[in-house]
Amino acid sequence: MATLSEDEIGRIKAEVLDNVLDISKMEAGKLTLSKLPVSCSVICREIQQSLRSMTAPGVKFECSAQPGLALMADGMRWKQVLINLVGNSLKFTRRSGGRVQLDIRKDEASGAVICSVSDTGSNIPPELRDRLF
């Protein structure tokens, strides 16, 4: 795994603290969301930087966004959701030759922004799927 710089460690610690504070705000019913333009390609780059150290040796982590795609959202919270989803995929994709992919694109028919995460990691055993879905 990659060695983190002091700046990267500090940034990760700040993000963890922000997440804990957000949970407290949600529980108190005081979390407010912003609605600002967010570049999907910038979000991809930030997620790759944030999760670089979680990627097992020999695992390929790719993130792609439709060129020029942007949306109105709370960028920080949206990034938190995507980091959680991709982080789970990386956690269970440990074998060399494995792959985790985040793809962000606009569905032209509906206008919705579609975020999909795929991986080659271990699956949820069939007998446990009914509990989750």
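Predicted model: local features only at pLDDT ≥ 70, side-chain atom pairs only at ≥ 80, totals over all residues.
I looked up the strand order first, and I found 3 strands forming an open sheet in the order β2-β4-β5, with mixed pairing. Because β2 (60-65) and β5 each have a single partner strand, they stand at the edges, and one side of each is left without a neighbour in the sheet. From one strand to the next, I noted that the twist averages 5°.

Entry 2, the pairings. I then went through the bridges: β2 and β4 run parallel and are joined by 6 bridges, and within this part I noted that A65 has I104 in β4 as its bridge partner. Strand β4 (residues 99-106) and β5 run antiparallel, with 7 bridges joining them, and here D103 stands opposite S116 in β5. I also checked the connection, where β4 and β5 form a hairpin with 6 residues between them, and G111 in the turn has a positive phi of about 85°.

Helix α3 (residues 75-91) lies across β2, β4 and β5, and its direction is at about 150° to β4.

Which residues make the nonpolar surface patch of about 230 Å²? I found V81, L85 and V117. V117 lies in strand β5 (residues 113-119), and I recorded V117 as partly exposed because its relative accessibility is 30%, where partly exposed covers the range between under 20% for buried and over 50% for exposed.

Notes: Residues numbered from 1 in each chain as written. Heavy atoms only, no water. Patch = residues over 30% accessible without salt bridge, like charges linked within 9 Å, V, L, I, M, F, W, Y side chains within 5 Å. Areas by Shrake-Rupley, 256 points an atom, 1.4 Å probe, with all protein chains shown as cover. Salt bridge = Lys/Arg side-chain N within 4 Å of Asp/Glu carboxyl O. Helix = DSSP H or I, 4+ residues; strand = E, 2+ residues; numbered from the N terminus. Buried < 20%, exposed > 50% of the residue type's maximum accessible area, 1.4 Å probe, protein only. Pairing = 2+ DSSP bridges. Axes fitted to C-alpha atoms, helices over the stretch in contact; angles between N-to-C directions. Contact = heavy atoms within 4.5 Å.
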